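Colleague: I'd like to learn how to read a few features of a model. Could we go through one together?

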Amino acid sequence: MGLLTDLGASREVLFVGGKGGVGKTSVAAALALTVARAGRPVLLVSTDPAHNLGHLWGRPVGPEPVELEPGLRGLEIDPAATTEEHLDAVRHTMQRLMPEHLRGEIKKHLDLAREAPGTHESAVLERLAEVVRARRADELVLVDTAPSGHTSRLIALPELMQAWTDGLLRRQERSAGFGAALRGLGGDQGERAAADVVGAPRPRDRRERRDAEIRAILDRRQSRFRMLREQLQDPARSAFVIVLAAERLPVLETVELHGQLERSGMRVGALVVNKRSPAGSGELLASRRAVEEEHLASLRSQLPDLPIVQVPLLPREVLGTEGLELLAGQLEG
Ligand SMILES: Nc1ncnc2c1ncn2[C@@H]1O[C@H](COP(=O)(O)OP(=O)(O)OP(=O)(O)O)[C@@H](O)[C@H]1O
Ligand SMILES: [Mg+2]
């Protein structure tokens, strides 16, 4: 077995990342096909807003897994749609827990959150945590990511999210939580009046119950992120594969992405240098190949410990099962 199929056979989660157009989706899909056909079930997940799995297999792939072939399931996480769902769920919870006259405030808050940096990523990450948690026994989750910038933020996010939730929890402990803030806004008075009329529980009990419920929600979220982070930072369970072209900028960016990933505690398992110009195919490709060799040498000297898989430029674009089989045959080369 080759390097990539070894990674695919031994890890629980594999990420495939790199710049736009380098061949992430093609490589992820070809690897998924290889691993699935060798007998291990695979869930291929795309977090790229451009939605390419459906295009590759010539059939619609959506937010719920569909069987692409026996042992291989695919799903696409649409960041915008996932964010909307996520915000809807948050709105629902907040409206249930907060007094009615604050609904306008809640809506304003969530409209701002929709545009805030990191909201899409955190929604995608939360969905990804769910997908990983709900994977079938022994299933490999293979994630085809959006171009690099996004990816490393995605990986760094559990850390950030944890700091954020920790902060909220601490603040809640110190101030007896949202209840205190709401009292300032007059929530308590309204509640007390209502309680007197209908003999409902005293506001204090309601407040405590509400605080406990908010705390439980934050705790659940935090433990979901913590589990995902632990999983991603464990090199025995997860690895990252960077796909690149043998060119100057892609090499620089790969070194940078590698550094970001290592700093966020994730191990890079392999580099895939895709679309290598073939040898013995005329002068033009020969001189391109020579230039590529220089960039490869620079890559090797900057990341000496990382195994490199080279994949040749194929005569046509990678499409359908046939195209994927052709590429899969080259993945170990
Ligand atoms: N080894 C190869 N030989 C020839 N064509 C290739 C090879 N690998 C990928 N391609 C083609 O290159 C194009 C880009 O590939 P792909 O969509 O997999 O890249 P990507 O990194 O996922 O792009 P994006 O960043 O847009 O998601 C596609 O047309 C694909 O068929
Ligand atoms: Mg893609």
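This is a predicted model: local features need pLDDT of at least 70, side-chain atom pairs count only at pLDDT 80 or more; totals for chains, interfaces and linings use all residues.

Colleague: How many salt bridges does a search of the whole structure find?

Modeller: The general idea is that side chains of opposite charge can pair when their charged atoms come close. Searching the whole structure gives 14 salt bridges. One of them joins R135 and E12, with 3.6 Å from N to O.

Colleague: Which parts does that pair tie together?

Modeller: R135 sits in the loop between α6 (119-133) and β5 (140-144), and E12 in the loop between α1 (3-10) and β1 (13-17), so the pair ties together parts that are 123 residues apart in sequence. R135 has 21% relative accessibility, so it counts as partly exposed.

Colleague: And where do E130 and R127 lie?

Modeller: Both are in helix α6, three residues apart, which is about one turn of the helix. E130 is partly exposed at 32% relative accessible area, whereas R127, at 16%, counts as buried.

Colleague: What about E293 and R276: are they buried or partly exposed?

Modeller: First the bridge itself: the side chains of E293 and R276 meet at 3.2 Å, N to O. This pair links distant parts of the chain, with E293 in helix α12 (residues 283-302) and R276 in strand β7 (residues 268-276), 17 residues apart. E293 counts as partly exposed at 33% relative accessibility, while R276 counts as buried at 2%. Look around them too: salt bridges that share partners join R276, R289, E292 and E293 into one network.

Colleague: Let's turn to helices. How do I read the packing of α2 and α13?

Modeller: Two packed helices are described by the angle between their axes and the distance between the axes. Here the axes of helix α2 (residues 24-37) and helix α13 (residues 320-328) come within 9 Å and cross at roughly 85°. The two helices are therefore roughly perpendicular to each other. On the α2 side, the contact is made by S26, V27, A29, A30, L33, T34 and R37, and on the α13 side by T321, L324, E325, L327 and A328. By class, that contact has seven nonpolar, three polar and two charged residues.

Colleague: Now strands. Which way do the residues of β4 point?

Modeller: In a regular strand the side chains alternate between the two faces of the sheet. In β4, L72, G74 and E76 point one way, R73 and L75 the other way, and all are buried. That's five of five residues for strand β4 (residues 72-76).

Colleague: Which strands pair with β4?

Modeller: β2 pairs with β4 in the parallel sense over five bridges, and V42 stands opposite L72 in β4. Strand β3 (residues 66-69) pairs with β4 in the antiparallel sense over three bridges, and there V66 stands opposite G74. The hairpin of β3 and β4 has two residues between the strands, and G71 takes a positive phi near 85° in it.

Definitions and conventions:
Residues are numbered from 1 along each chain as its sequence is written. Chains are lettered from A and ligands numbered from 1 in the order in which they are written. Side-chain values use heavy atoms; hydrogens and water are left out. Axes are lines fitted to C-alpha atoms, for helices over the stretch in contact, and angles run from 0 to 180 degrees between N-to-C directions. Helices (H or I, at least four residues) and strands (E, at least two) are DSSP runs, numbered from the N terminus. Angles under 35 degrees count as roughly parallel, over 145 as roughly antiparallel, 65 to 115 as roughly perpendicular and the rest as oblique. Contact means heavy atoms within 4.5 Å. Ala, Val, Leu, Ile, Met, Phe, Trp, Tyr, Cys and Pro count as nonpolar, Asp, Glu, Lys and Arg as charged, and the others, Gly among them, as polar. A salt bridge is a side-chain nitrogen of Lys or Arg within 4 Å of a carboxyl oxygen of Asp or Glu. Buried means under 20% relative accessible area, exposed over 50%, partly exposed in between (1.4 Å probe, protein chains only). Two strands pair if DSSP finds at least two bridges between them.
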